[in-house]
Amino acid sequence: MAERSEEESMGSRANGGGGERDVMNPPRIETVTIVTSDHGEAFAQDWYECDGMTQACHDTGIMTWPDGTLEDHEAQSHFRDLEDEILFGVFEATRQAIAEAFVRVANDVISRERSRR
Amino acid sequence: MPLPKADMVNVVTMEHGRQFAEAWFDGADINEACFKTGILTWNGDDELGQASALEDDILRRFFDALKDQMVETFVRVANAAIDAERLADDTTLIPPRVETVPVVTIDHAETFVDDAHRHMIASGGFIEAFCQTHIMKWPDDKAAQEHFQEMANEIRDRLNEETRLLVVDAFVHIANDVTARERRRRCPPILASQTS
């Protein structure tokens with residue numbers, strides 16, 4: 001009997017083991033049984049806290065960044081406050097829908113993964 | 001035989017005047033505002049005709065008496081408001097006003113959504129947030145790791161597609177509120193008078 005490759009072994013283990021079963025390629029990913037609203041809310045929170053959000057808001061150009069002189073520190077601080085207020089408002093208005101969409105999409109992808117043969 | 005007369009109050013009081021002014025400024029038709037004061041009441045079509053004619057006479061006299069005063073008041077008040085806006089001293093505003101676009105549009109919001117999506121991919125912010133949910137276990141196997149990444153990317157892109165319009169809409173609405181408030185911000189009256 002020929003030796004099984006390392007990749008086949010891993011795939012078999014990921015598939016629950018058992019030499020008689022077909023090797024799954026790529027190996028199945030272990031997942032939670034069901035994605036819940038807690039997962040969705042945790043994701044939405046981390047999504048909002050990503051640095052990219054601030055940069056994206058800045059990139060829209062809806063507000064002009066004050067000059068970088070010392071006298072403008074107050075203006076720069078105020079600019080950031082306004083930016084934070086916009087991002088927080090967007091987050092508050094969308095967090096529930098983002099969490100729900102995450103639950104729906106992730107459950108769909110994960111259930112497909114579990115049913116993969 | 002004389003025509004029936006509409007009922008009238010004995011005297012029109014200041015309270016009637018206030019009711020008329022408030023109804024009129026609240027957007028009622030001027031005849032409707034007069035009716036709401038209750039200074040005239042009637043029964044039947046004959047009395048209605050008589051009351052209407054009297055109401056028209058009252059309103060014509062009212063307008064004749066008020067017209068010049070109203071014109072003069074409008075000119076004075078509107079010029080004062082426009083001058084105050086024109087002469088507002090933004091240099092004393094604390095913190096200094098941040099310049100904004102006049103209107104936040106859908107184009108701005110779409111830039112926000114697209115850039116956020118791009119930054120989250122480039123910075124690894126998405127995958128970090130995704131892994132924090134612990135809905136999938138990071139595998140040891142290299143092929144499985146690629147598959148993990150493909151699944152995460154699919155979730156990311158479908159999520160972006162599903163929530164895009166909602167985020168665009170929220171951004172337009174909220175950013176317009178915040179920037180409009182910033183444009184309207186003025187020195188407090190006391191501070192303005194101290195610096196003038």
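In this predicted model, 50 residues of chain A are in contact with 48 residues of chain B. Four elements of chain A give two or more residues each to the side that touches chain B: helix 1 (6-14), helix 2 (37-49), helix 3 (51-59) and helix 4 (73-114). Helix 4 of chain A gives the most, with 21 residues. By class, the side of chain A that touches chain B has 31 nonpolar, 11 polar and 8 charged residues.

Now follow helix 4 of chain A across to the other chain. There, helix 4 of chain A meets helix 6 (residues 142-184) of chain B, and the two axes come within 8 Å. They cross at roughly 165°. An angle over 145 degrees counts as roughly antiparallel, so helix 4 of chain A is roughly antiparallel to helix 6 of chain B. The crossing of these two helices is right-handed. Their contact holds 21 nonpolar, 3 polar and 6 charged residues.

Next comes the nonpolar core. The largest one has 50 residues. Which residues have the most contacts inside it? They are Ile86(A), Phe102(A) and Ala106(A), along with Phe171(B) and Ala175(B). Helix 4 of chain A provides the largest share of the core, 15 residues.

Leaving aside residues up to four places away in sequence, Phe102(A) touches Gly40(A), Phe43(A), Ala44(A) and Leu159(B).

Three of those names lead back to helix 2 of chain A, where Gly40(A), Phe43(A) and Ala44(A) are among the residues that meet helix 4 of chain A. Others from helix 2 of chain A include Ser37(A), His39(A), Trp47(A) and Tyr48(A). On the side of helix 4 of chain A, the partners include Phe91(A), Arg95(A), Ile98(A), Phe102(A) and Val103(A).

How are these two helices set against each other? The axes of helix 2 and helix 4 of chain A lie 8 Å apart, and the helices pack at an angle of about 130°. Helix 2 of chain A and helix 4 of chain A are therefore oblique to each other. Helix 2 of chain A passes helix 4 of chain A in a right-handed crossing. Sorted by class, the contact between them has 9 nonpolar, 3 polar and 3 charged residues.

Methods
Residues numbered from 1 in each chain as written. Chains lettered and ligands numbered in written order. Predicted model: local features only at pLDDT ≥ 70, side-chain atom pairs only at ≥ 80, totals over all residues. Contact = placed C-beta atoms within 7 Å. Nonpolar A, V, L, I, M, F, W, Y, C, P; charged D, E, K, R; others polar. Axes fitted to C-alpha atoms, helices over the stretch in contact; angles between N-to-C directions. Parallel < 35°, antiparallel > 145°, perpendicular 65-115°, else oblique. Left-handed = near helix turned anticlockwise from the far one by under 90°. Core = buried A, V, L, I, M, F, W, Y, C linked by C-beta atoms within 7 Å. Buried ≥ 20, exposed ≤ 12 C-beta atoms within 10 Å, placed from the backbone.
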